[in-house]
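Please go through this protein with me by question and answer, starting with its sheet and ending with its charged side chains.

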Amino acid sequence: MHEGKCEVRANRLNNKRLEAKVANMAKFDTMIFDLDGTLLDTLPDLVHLTNTVLREHGFPEHTTAEIRSYVGNGARALMHQAVPAGTSQEVADELLAYWKDTFFRCSTVFTSAYPGVEEALKELGAAGVNLGVLSNKFDAGVQFVIKHYLPSYFSVVHGEGGQFPRKPNPAGLLRCIDEMGSTSERTIYVGDSPGDIVAAHNANCFALGVAWGYHSAEELKEAHADAVIYKPAEFLQFVRE
């Protein structure tokens with residue numbers, strides 16, 4: 001009985017928190033996006049790149065589903081999961097270095113923006129929303145891919161490295177917000193993974209999940225996304241609410 005009362009209390013607190021955020025939606029002037037699975041479908045290139053590196057070093061390749069399960073926590077986590085169990089950290093790091101070098105030759109072959117993303121970004125920009133990108137992909141890779149596929153939309157673009165630790169650590173997101181001249185209360189962080197939702201909450205931002213990426217809407221809701229949308233056209237309508 002006591003546990004039931006605690007759960008009710010917790011639900012009420014969560015509901016009040018969400019209501020407060022929704023009440024402030026008219027004040028949102030900043031939207032920061034995750035990259036892979038949110039703006040761009042990079043998985044086909046990540047599969048091609050990772051399997052190329054593994055094959056050239058004599059290791060077994062992986063299915064798309066397997067590599068998809070490795071995506072979201074940065075290149076190091078991806079490569080260390082892709083090598084066979086028992087592989088030394090030294091060897092895994094060697095493959096990671098090769099993976100990063102090869103990235104610039106293999107990351108713009110099969111990647112594409114999700115349908116409707118560019119149109120939505122144009123509308124958000126025209127509406128005066130300040131746009132940024134924060135990804136767990138290594139920073140040089142983020143800069144390269146954004147410049148190739150989505151140039152001129154974002155005032156701030158950062159990947160993992162230096163003062164931008166891997167999400168869900170909120171430090172990088174808070175730094176982006178500061179660089180954009182905004183505040184957490186006026187910022188929406190957009191992502192396709194539970195880790196993105198946690199990062200948004202850790203930075204006290206509105207956590208907006210997208211259901212078209214590498215994780216399901218159910219996973220995003222279980223991570224307590226403040227809202228989940230199903231197509232990029234909903235971005236502007238959401239902000240206007």
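The dialogue below takes up strands and then salt bridges.

This is a predicted model, in which local features need pLDDT of at least 70 and side-chain atom pairs count only at pLDDT 80 or more, while totals for chains, interfaces and linings use all residues. Residues are numbered from 1 along each chain as its sequence is written, and side-chain values use heavy atoms, with hydrogens and water left out.

Student: In β7, which residue is the bridge partner of I188?

Tutor: Strand β6 (residues 187-191) runs parallel to strand β7 (residues 206-210), and four bridges join them. In β7, the partner of I188 is F206.

Student: How many residues apart in sequence are the parts that R186 and D29 tie together?

Tutor: A salt bridge requires a side-chain nitrogen of Lys or Arg within 4 Å of a carboxyl oxygen of Asp or Glu. R186 and D29 meet this rule at 2.7 Å, N to O. R186 lies in the loop between α8 (171-179) and β6, and D29 in the loop between α1 (2-23) and β1 (30-33), so the parts tied together are apart in sequence by 157 residues.

Student: Which helices hold D93 and R76?

Tutor: The side chains of D93 and R76 form a salt bridge at 2.7 Å, N to O. The pair ties together parts 17 residues apart in sequence, because D93 and R76 lie, respectively, in helix α5 (residues 89-106) and helix α4 (residues 75-82).

Student: Are D196 and K167 buried or exposed?

Tutor: The side chains of D196 and K167 meet in a salt bridge at 2.8 Å, N to O. D196 is in helix α9 (residues 194-202) and K167 in the loop between β5 and α8, 29 residues apart. Relative accessible area under 20% counts as buried, over 50% as exposed, and in between as partly exposed (1.4 Å probe, protein chains only). By that scale, D196 and K167 are both buried.

Student: Which residue is linked with K167 and D196 in a network of salt bridges?

Tutor: K167 and D196 form a salt bridge with each other. The network that links them also includes D34.

Definitions and conventions
Two strands pair if DSSP finds at least two bridges between them. Helices (H or I, at least four residues) and strands (E, at least two) are DSSP runs, numbered from the N terminus.
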